[in-house]
Amino acid sequence: MDKFEISSNALEIAISGSPGDWVVAETNGAKYTIGSLLPNSFLAYARVFHPAYLGDQEVKWAEVAHRNGTVAHPLMQWESITGSWRYSRGDTQHDVWDECPSVGSLPVSQAKRLAHLLARHTSTVDECWFAVWSGFGGLEARWGHAPRVAMPRREMMLLSGPLPAAARSVEDSPGDQRANLWWPDDQAWCLVTDIDLMTTYVGGSPECIASITTDSALEAMPVLVDQGITLDSDKVNPQPSGSYNDAG
């Protein structure tokens, strides 16, 4: 077995928040861009789309777009490819998908796959850092004493552990919440899942990002750090008519 496979999955409270200082310092992109979520210093970036589900089967965004006559592209937004605000408010397309992509937490299967791929692009597999939004009320009892990382958009609590711990929930069962931000101690890459988004972003070397965007187990596309993360970032597909509040 290789080093990645035999590592422990334990997560522990970090001794201090200083391992996150470089992330804070280099996360300086314009508001509502990829660069406002993770360091701007990497040579390449990827966007990983959280899958929808039909029963227990994963459904890629590209398939959802195809079935709705819209276009799959790196900046596509869920509301634009489905064509309705209702599909962010509980309604489903029963013949295409019956569970929308997870918001704010990377699904466990994607977390495991990304951890496996990212392990090949760091020399510190057993020494990684995991930050989770400090606003999750259910985490206060367990992690409330963790040191803080003052990210521009969200204050985070900092934990440490080996890379396989990325797939572990930071919430006790039946909760299921993975860390929002993770990176290895050698700072070779950084991954972020913002609490409001259905996608995850990764920054790293061109080789690292290529391993993600070409992996058949993931739906991922290359993006640029200055590109937007909001609904109006999709310039290819029309926004749904009306507004989000109209769908209630």
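Because the model is predicted, local features require pLDDT of at least 70 and side-chain atom pairs are counted only at pLDDT 80 or more, whereas totals for chains, interfaces and linings use all residues. Residues are numbered from 1 along each chain as its sequence is written, and side-chain values rest on heavy atoms, without hydrogens and water.

The chain contains 7 helices and 11 strands, assigned as DSSP runs (H or I of at least four residues for helices, E of at least two for strands) and numbered from the N terminus. The radius of gyration, taken over C-alpha atoms, is 18 Å, which agrees with the value near 18 Å for a compact globule of 248 residues, the globule rule being 2.2 Å times the number of residues to the power 0.38. Along its principal axes, the C-alpha trace spans about 50 × 40 × 40 Å. Of the contacts (heavy atoms within 4.5 Å) with a separation of 6 or more, 74% are accounted for by residues 24 or more positions apart.

Of the 248 residues, 54% count as buried, a class defined by under 20% relative accessible area, with exposed set at over 50% and partly exposed in between (1.4 Å probe, protein chains only).

W182, which lies in strand β8 (residues 181-184), counts as buried because its relative accessibility is 1%. Residues up to four places away in sequence being left out, the contacts of W182 include L106, L118, W129, F130, W189 and C190. By contrast, K60, 122 residues from W182 in sequence, is 24 Å away from it, C-alpha to C-alpha. S80, placed in helix α4 (residues 78-82), is likewise buried, at 1% relative accessibility; beyond its neighbours within four places in sequence, S80 is in contact with T70, L231, D234, N237, P238, Q239 and P240.

The count of disulfides (pairs of cysteine sulfur atoms within 2.5 Å) comes to 0. For C208, the closest cysteine sulfur, in C190, is 11 Å away and therefore too far for a bond. C208 counts as buried at 1% relative accessibility, whereas C100 is partly exposed, with a relative accessible area of 27%.
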